Amino acid sequence: MGIPDYIEPGKLKALALYIHIPFCVEKCDYCAFYSVAHSKAEWQEKWLQAVRLEFAKCRKLIGDIRISTIFIGGGTPSLLKLPLLEGLFKEIELFNLDGLEEYSIEANPESLSPDFLDLLKIYSIDRLSLGVQSLQPEELAMLGRRASLEHTLEALELLSAKWQGRLNLDFISGIPGQSQASLLDSLEKAIQMAKLDHISLYSLSAEEKTALQRRFQNEGLKHHPNHDSLWIKAYCFLQSQGFLNYEMANFAKPGKECRHNLAYWNLKPYWGFGPSAYSTLPGKKGVLRLSYASDLHLFNGRADKALAIESLTPKEFLTDTMIMGWRLKQGVSKGVFLRRFGSSLEDLLPGFYDFLVNKRILLQSKSHYRLSLKSRLFLDDVLLELMGALDELPSGLLRVNWPE
Ligand code: SF4
């Protein structure tokens with residue numbers, strides 16, 4: 001059986017596309033994303049060829065259904081050889097891009113070049129996300145980043161001089177040795193140097209099988225002792241600069257939120273391509289999760305063999321809806337919830353709803369199930385309660401209508 005046997009394209013009104021470019025100069029010590037270091041030109045060519053074939057299958061299924069947003073992430077998209085990147089952009093243009101709302105790409109400072117920016121302009125890519133992480137040399141070294149401070153400052157200068165589109169910079173808080181002053185200094189310098197409308201501030205964690213985790217184990221490296229207060233200080237600073245927190249790790253000027261990621265957090269249909277990319281799509285028998293194995297060579301050889309397809313149970317999909325939606329400051333739309341599950345949260349899970357209200361986890365809102373900031377910071381505890389409540393719900397009671 002192939003993808004057409006599972007997917008129900010007739011339920012799609014629009015689709016968000018994600019493309020994963022899995023190449024990096026070297027692995028950063030903390031990185032748990034799938035990417036391959038020291039790639040050969042031939043691997044990149046084969047990757048593009050495999051993406052072309054997967055795109056063609058997708059287009060055959062969806063016809064001229066509109067693409068709402070595109071996000072090219074990685075890995076390091078700016079590392080792909082420019083003729084190959086142009087080949088990818090041309091291939092993307094074969095989709096129906098009428099009314100495309102946002103076209104984003106990620107880059108890293110060491111591979112940002114004027115030619116790369118020129119190519120983005122030609123193909124109307126209007127949003128760039130640069131992995132800065134810190135503007136302190138000792139913190140960049142602690143993270144095992146390849147870009148030096150000089151590389152990063154040069155990249156910011158290049159963007160100031162040449163980039164006209166929207167711009168996000170990624171930062172990390174909780175780096176061992178990071179102080180409140182050094183974090184705020186990095187953020188402040190970046191805001192001064194570049195015309196930003198978005199900042200992502202991720203919390204460092206030592207993920208399994210990363211070099212950082214090994215350093216924590218072998219070198220006695222310790223988690224940041226005051227990470228919560230450090231993060232809150234950065235939160236207040238960014239808010240004071242007009243960057244409003246709209247998702248756990250994301251801050252934007254009003255109206256400049258990342259639309260692609262909003263679609264993802266609101267669980268609108270999206271299709272991801274490339275090793276480790278996954279998709280949530282309407283299926284003939286419910287909601288489907290597609291995922292490509294984290295294996296470049298398998299993807300390059302037979303991408304269809306790298307693809308796993310599973311159906312989400314209604315309970316899994318409701319959990320996903322809350323896990324993703326409660327990351328957002330505005331929370332989960334009550335209207336969407338009702339249309340998606342045929343019932344309100346309070347009617348479906350009254351005990352859980354009362355728990356949220358009595359513990360003041362839920363804020364008063366007519367339109368959304370919205371969590372307080374503190375509860376968003378301890379989201380895992382709330383989700384454990386949700387899963388306990390769902391376990392009690394008789395199976396068969398929950399129906400899903402999606403996309404609503
Ligand atoms: S550049 Fe990004 S994707 Fe590549 S290794 Fe570093 S953190 Fe991971």
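Predicted model: local features only at pLDDT ≥ 70, side-chain atom pairs only at ≥ 80, totals over all residues.
The protein holds 16 helices and 17 strands. Its radius of gyration is 22 Å, close to the 22 Å that the globule rule gives for 404 residues, so the protein is as compact as a globular protein of that length. The C-alpha trace spans about 60 × 50 × 45 Å along the principal axes.

**Backbone details**

- Another cis peptide bond links G74 to G75, here with omega at about 20°.
- G75 belongs to the loop between strand 4 (66-74) and helix 2, and G75 is also one of the residues surrounding the ligand.
- H38 has a positive phi, near 55°, although this residue is not a glycine.
- You will find H38 in the loop that runs between strand 3 (36-37) and helix 1 (41-62).

**Around the ligand**

- The residues that surround the ligand are C24, E26, K27, C28, Y30, C31, G75, T76, N108 and R145.
- Sorted by class, this shell comprises four nonpolar, three polar and three charged residues.

**Helix 2 against helix 3**

- Helix 2 (residues 82-92) packs with helix 3 at an angle of about 15°, and their axes are 11 Å apart.
- An angle under 35 degrees counts as roughly parallel, and helix 2 and helix 3 are therefore roughly parallel to each other.
- Helix 2 brings L82, L85, E86 and F89 to the contact, while helix 3 brings D115, F116, L119 and L120.
- The contact of helix 2 with helix 3 has six nonpolar residues, no polar ones and two charged ones.

**Helix 3 against helix 5**

- Helix 3 (residues 114-122) also pairs with helix 5 (residues 149-162): their axes come within 11 Å and cross at roughly 40°.
- Helix 3 and helix 5 are therefore oblique to each other.
- Helix 3 passes helix 5 in a crossing that is right-handed.
- On the helix 3 side the meeting residues are P114, L117 and D118, and on the helix 5 side they are L158, L159 and K162.
- By class, the residues of this contact between helix 3 and helix 5 are four nonpolar, no polar and two charged.

Conventions. Residues numbered from 1 in each chain as written. Heavy atoms only, no water. Axes fitted to C-alpha atoms, helices over the stretch in contact; angles between N-to-C directions. Helix = DSSP H or I, 4+ residues; strand = E, 2+ residues; numbered from the N terminus. Parallel < 35°, antiparallel > 145°, perpendicular 65-115°, else oblique. Left-handed = near helix turned anticlockwise from the far one by under 90°. Contact = heavy atoms within 4.5 Å. Nonpolar A, V, L, I, M, F, W, Y, C, P; charged D, E, K, R; others polar. Near = heavy atom within 4 Å. Rg over C-alpha atoms; globule rule 2.2 N^0.38 Å.
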